[in-house]
Amino acid sequence: MPLPFLLPLPVLFLMAAAVGAMFTLNALRPARKFWPLVGAGFFASWLTGELAAHHLFWQVVATALFVWAGGLDGWPGWVALFIVSLSWIGLVRIVFDARKARDVTESALREGLGTEYRSVIPEEIGAHVDDHFSLRQRLFPLPVLDGRVEIVRDIVFSRAGGVNLRLDVYRPRGNTKPRPTVLFVHGGAWVIGSKDDQGKPLAYRLAAHGWVVVSANYRLSPRFTFPDHLIDVKSAIRWIREHGKAYGADPSFLVITGGSAGGHLAALATLTPNDPRYQPGFEDVDTRVQACVPFYGVYDFTDRRGIWRGTLLRTILEKSVMKKRLDDDHAAFEAASPMSLVHEDAPPFFVVHGDRDSLVPVQEARLFVELLRAHSRAPVLYAELPGAQHAFEVFPSERTGHALAAVERFLAHQWAKHRREVAHAEGAEEKPPAGVLGEAADATSAA
């Protein structure tokens, strides 16, 4: 018995094939200039690019159903089959682009830390830095969960502007010893976003392997004005220094990371250590960090190279974040720009950006890295990920797995270096204390 449809089945097949192909094409060539399309185009590109294998599966299933139901009983169906075949080719290319992240990030680590950098990482933590997401997590990307991790939620770390600012602490389940610590700063164009919806693949991964990850909120525009956002990030650092040990953190080793606006704030906090302008009421607290890992960040509020043409970044900054025009107060925008604050004493950086980012052009990261390398004496690593869109690591995807594994190797290297320096300063033997990370990772892997 033929199925009832308002349109002939071959026509429906053609329409479905065209929609699928548009998603694939947009993932390969996302809209960048015409802003009414950029927002929707970003979400479509983001979902397709990070879940390309899922899209390929469903397109194959849908095509099989159309063919079974009679979708080839007219010329539109054969055109649809041709279009969907091209879409599959594009999706396969996207999958292979995602796998390139492994070699790209490894090359960045070797270039920045030396070809033998892995030999510096103790075996007790090196055994876990290449772990990928489980098959279950890759098949069902959301929610991101890991039974080896416990979370202490909604700790109030500051009150500012009438707002209780809260953070979450991710730590190994059953943790009993101080762990090296990472502070994650969420993105959202300084106006939206929350600790509850970003950074979870990174937080769960690191906590499962023996780290403590603190994910903090900050005040948002347009209600609040820069530098309120940065002050709150510094206040989160203060909390870790003063209270983190009670939650399993080692306040002596702290790395900061974040994505998009969070990448901007992470870089800015790193480059302005102990600056009293951004530490009102806690000027004496040490807000230095040992390293910074910004993902797809904004690093220049002045757009000194004209990189932002066709974007809304300047409009967002002037109307909502800074609440003044760049032409009227250039110095204020300079002071909010990590590019303007690079210096020789900056700690190590590992900058990560996608070459298909349609919200923050990849040229932003390239220029920031160029300036950092020209001034900083510390290693500056850069991984430009083929095919990666903005916010790519929100999903536990193939690309995210490789990128986060590389970030963990970078962090482990920095931690091992820090332990050697501490041991040398104390006149102790040059080796990390047994069990700080490896014991937790071994125990949780067996769970």
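Sort the lining of the largest pocket by class and you get 15 nonpolar, nine polar and one charged residues; here Ala, Val, Leu, Ile, Met, Phe, Trp, Tyr, Cys and Pro count as nonpolar, Asp, Glu, Lys and Arg as charged, and the others, Gly among them, as polar. Keep in mind that this is a predicted model, where local features need pLDDT of at least 70, side-chain atom pairs count only at pLDDT 80 or more, and totals for chains, interfaces and linings use all residues. Numbering runs from 1 along each chain as its sequence is written, and side-chain values use heavy atoms, with hydrogens and water left out.

Back to that pocket. Its volume is about 620 Å³, taken as the space filled by probe spheres set on grid points that are joined across faces, edges and corners. On a 1 Å grid over the protein atoms alone, a pocket is an open set of points where a 1.4 Å probe fits, with protein on both sides within 12 Å along at least five of seven lines, and lining residues have an atom within 4 Å of a point. Of the 25 lining residues, Phe42, Gly188, Ala189, Leu359 and His390 sit closest to the centre. Helix H2 (35-50) and helix H10 (313-321) are the elements that give two or more residues to this lining, and H2 gives the most, with five. Helices (H or I, at least four residues) and strands (E, at least two) are DSSP runs, numbered from the N terminus.

Alanine 189 lies in the loop between strand S3 (179-185) and helix H7 (200-208), and its phi is near 60°, a positive value in a residue other than glycine. With a relative accessible area of 25%, alanine 189 is partly exposed, since buried means under 20%, exposed over 50% and partly exposed in between (1.4 Å probe, protein chains only).

Proline 294 belongs to strand S6 (residues 291-295) and counts as buried at 0% relative accessibility. Leaving aside neighbours within four places in sequence, its contacts (heavy atoms within 4.5 Å) include Phe349 and Val351. The C-alpha atoms of proline 294 and valine 351 are 5.3 Å apart, though 57 residues separate them along the chain.
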